[in-house]
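Please have a look at it first.

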Amino acid sequence: MSRRKRVAIQVAALSIICGLIIWHVVQWHSTGMYLEMFRWLQTSRGYLTVLYNLGLMLVLGVLLGFLMGKLTKLIGYEVHDTKLFDHKTEASETE
Amino acid sequence: MFPILPGVEINIFLLIFIGLGVGILSGFAGVGGGFFMTPALIILGFPAHFAVGTSLTWIIGNSVIGAFRHRQLGNVDIKLGLVMIIAAMGGMEVGVRIINWARDLGLADEVVLSISICMLLIVGIYTLLESTRRKRQLDQMLVKKEKLPPAMRATGLSQKLQGIDMPPMLHFTKSGVTISLWIILAIGFFVGILVGVMGVGGGFILVLSLVYLIGLPSFMAVGTSLFQIIFSAAYGCIRHSMSGNVIIFAAFIMILASCLGVQFGALVTRYVRGLSVRYILGISILICAVGAILKLTNILLGETVTWLEIGSVGITFGGLGLTVLMILALFIMALRYRSGQPVLSWVESLVTKED
């Protein structure tokens with residue numbers, strides 16, 4: 001399997017997972033589940049709301065981060081080097 | 001209009017627009033973006049406590065995406081970030097306690113806001129002056145037809161701090177820095193106190209302390225700062241979620257928009273010099289200072305003043321629009337410069353030919 005094809009499959013898989021999360025969030029918003037979770041904060045189940053908020057953002061961040069990375073790879077953008085100090089000329093540059 | 005909570009209706013397109021704009025700034029400058037996001041949400045109609053909580057929650061996801069992208073670009077020093085965040089967390093807790101103690105003593109919010117304004121003005125003006133001085137230096141090199149190095153240290157102070165031999169000395173291979181653990185802990189702790197006192201995510205303080213004090217290249221500071229912000233924002237998110245201040249659906253919409261903005265902002269860093277990041281960061285900090293001055297004036301007057309409210313909206317949206325436009329302009333100029341087309345002479349020292 002070529003590298004490009006493998007990246008395309010990864011992009012498709014990540015898109016499906018992200019799509020499922022989007023569907024889940026919209027669904028819970030429209031059914032009023034989030035309002036119910038606000039009420040949980042007054043009860044012993046409040047920690048679930050806190051974990052859900054934190055977890056959703058972290059999971060979405062990781063998935064979207066991966067997805068965007070793979071997408072740019074699929075487009076063909078590659079990073080060749082990192083910009084660091086040129087230590088050989090550094091002494092004369094610093095103020 | 002879209003119902004987010006009973007009684008709170010938000011224009012979903014404005015949420016997307018703000019998420020996109022702040023995302024670009026965040027990916028480019030390594031800041032969480034809370035100093036634009038929170039007032040923008042308040043202007044959109046969020047109650048203040050919801051705006052702060054939702055903004056901090058959004059910053060987690062946004063910073064994760066930004067850190068991922070910058071890691072791919074080779075701009076994240078995870079080891080340095082982890083060491084610094086431990087000290088910064090301690091400092092943040094101390095900062096929060098200082099604020100609580102000050103309130104117990106009867107010192108009002110005006111005092112905290114005044115300290116924040118002084119801090120923002122000092123940091124913003126210093127950054128702009130340093131960037132201008134460095135730009136002049138680069139312009140002179142260009143006039144003499146000298147080849148510009150890939151990266152240059154912002155100040156000599158970081159080299160002096162690195163020269164202090166206080167074991168254990170830590171070497172950070174990724175950023176090419178060797179410095180005493182105690183100096184990193186001290187800087188992290190001090191930054192944490194400032195963040196705690198000012199009540200912000202602290203991206204701009206982190207980026208600038210990494211550049212000016214520890215001596216990281218600007219882009220490495222941007223990526224490492226985003227990595228650290230994940231932890232500080234998570235801490236804020238937990239505290240605000242427990243108080244019921246987070247509208248997760250709004251944070252979710254904004255993150256879908258900002259993920260594109262962050263990618264663009266981060267990729268623009270491959271086309272510009274570190275100097276450009278410091279320039280735009282300096283301008284953003286000063287815009288933020290003006291916004292804080294208006295807020296302080298409003299508090300001191302003790303009543304709602306129309307022109308102050310209009311000014312506040314103008315500063316928030318105008319400032320955000322201005323910084324995004326500057327990033328876009330830099331990108332377009334960099335593309336022209338690379339393809340050999342003529343560009344304005346003052347832009348040449350801000351962009352790079354190499355990827």
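How far is the sulfur of C118(B) from the closest cysteine sulfur? This is a predicted model, in which local features need pLDDT of at least 70 and side-chain atom pairs count only at pLDDT 80 or more, while totals for chains, interfaces and linings use all residues. Residues are numbered from 1 along each chain as its sequence is written, chains are lettered from A in the order in which they are written, and side-chain values use heavy atoms, with hydrogens and water left out.

To answer the question, the closest cysteine sulfur to that of C118(B) is in C288(B), 14 Å away, which is too far for a bond, given that a disulfide is taken as a pair of cysteine sulfur atoms within 2.5 Å. The sulfur of C259(B) has its closest cysteine sulfur across in chain A, in C18(A), but at 8.2 Å that is also too far for a bond. Over all chains the count is 0 disulfides.

Turning to chain A, we find 4 helices and 0 strands (DSSP runs, H or I of at least four residues for helices and E of at least two for strands, numbered from the N terminus). Of its 95 residues, 36% count as buried.

Lastly, the lining of the second largest pocket divides into 13 nonpolar residues, 3 polar and no charged.

Conventions:
Nonpolar A, V, L, I, M, F, W, Y, C, P; charged D, E, K, R; others polar. Buried < 20%, exposed > 50% of the residue type's maximum accessible area, 1.4 Å probe, protein only.
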